[in-house]
Amino acid sequence: MIAVSSCLAGIECRYNGSHSLVGKIKELVEQDRALLICPELLGGFSTPRESAEIVGGTGEDVLDGIAKVIEKSGNDVTKLYIEGAYKALNTIQEANVRYVVLKESSPSCGITMIYNGEFSNTKIAGEGVTTALFKRAGIQVISEKQFLDTSSF
């Protein structure tokens, strides 16, 4: 059993109400071989919601209290992102999942890239809050692109 970002299975839960469907991931969910998670919904957000970016660092820095997750309007939503990450971690640990496919570039789920915190559509190297927490817990995390490039499912 693996876990996957819900949006990758076609669930319309992204901030703008869209999804990021990856057919192979949807097939795994339909075959009961993948568990759906959306840290942002678990944190208490609804869909659609305002876009948010990590300001002042990466997901690691958010967990360490150095950076914040801020909505475009300036609202600090750091607490909700952290709560969602911990709820997602609890969910996958209860299901004994050790391998997770998350949505690249998200402030929650980014694996190698996140937006730079300036709402300028510019990406920087870094990981989202949930990815950082999962890695600290010893969970293997990859992006949808890495999944498609290396998948043996």
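**Close-up views of a predicted model**

**View 1. Lysine K103 and the residues around it.** Leaving out residues up to four places away in sequence, K103 touches S5, C7, L8, S20, C109, G110 and E144. In this predicted model, K103 is placed in the loop that connects β5 (99-102) with β6 (113-115). With E144, the contact is also a polar one, made between the side chains of K103 and E144 at 2.7 Å. Is K103 buried or exposed? K103 has a relative accessible area of 17%, and because buried means under 20% relative accessible area, K103 counts as buried. The C-alpha atom of K103 is separated by 9.9 Å from that of C38, although K103 and C38 are 65 residues apart along the chain.

View 2. Four strands make up an open sheet, in which the order is β2-β1-β5-β8 and the pairing is parallel. The strands at the edges are β2 and β8 (140-143), each of which pairs on one side only. From one strand to the next, the twist averages 25°. Within the sheet, β1 and β5 pair in the parallel sense over two bridges, and A3 stands opposite V100, a residue of β5.

**View 3. Helix α1 and its buried face.** Which residues of helix α1 (residues 23-30) are buried? They are I25, L28 and V29, and when α1 is seen down its axis, these buried residues fall within an arc of 100°, so they line one face of the helix. The partners against which the buried residues of α1 pack are β1 (2-5), β2 (34-37), β5 and α6 (144-150). After α1 comes D32, a residue whose phi is positive, near 60°.

View 4. Helix α4 (residues 78-94) lies across β1, β2 and β5, and α4 runs at about 165° to β2. Helix α5 (residues 129-136) lies across β2, β5 and β8, and here the angle of about 165° is the one to β5.

**View 5. Threonine T78 in helix α4.** T78 has its place in helix α4. T78 is buried, because its relative accessible area is 11%, while buried means under 20%. When neighbours within four places in sequence are left aside, the residues in contact with T78 are V62, A67, K68 and V69.

**View 6. The nonpolar cores and the surroundings of F134.** In soluble globular proteins, nonpolar side chains tend to be buried together. The largest nonpolar core of this model has 27 residues, of which I37, V69, I92, V100, L102, V129 and F134 touch the most other members. F134, with its neighbours within four places in sequence left aside, is in contact with I37, A85, A88, L89, I92, V100, L102, I139 and V141.

Notes
Residues numbered from 1 in each chain as written. Predicted model: local features only at pLDDT ≥ 70, side-chain atom pairs only at ≥ 80, totals over all residues. Heavy atoms only, no water. Buried < 20%, exposed > 50% of the residue type's maximum accessible area, 1.4 Å probe, protein only. Contact = heavy atoms within 4.5 Å. Polar contact = N/O pair within 3.5 Å; in protein donor to acceptor, adjacent residues only side chain to side chain. Arc of directions from axis to C-beta. Pairing = 2+ DSSP bridges. Axes fitted to C-alpha atoms, helices over the stretch in contact; angles between N-to-C directions. Core = buried A, V, L, I, M, F, W, Y, C linked by side-chain atoms within 4.5 Å.
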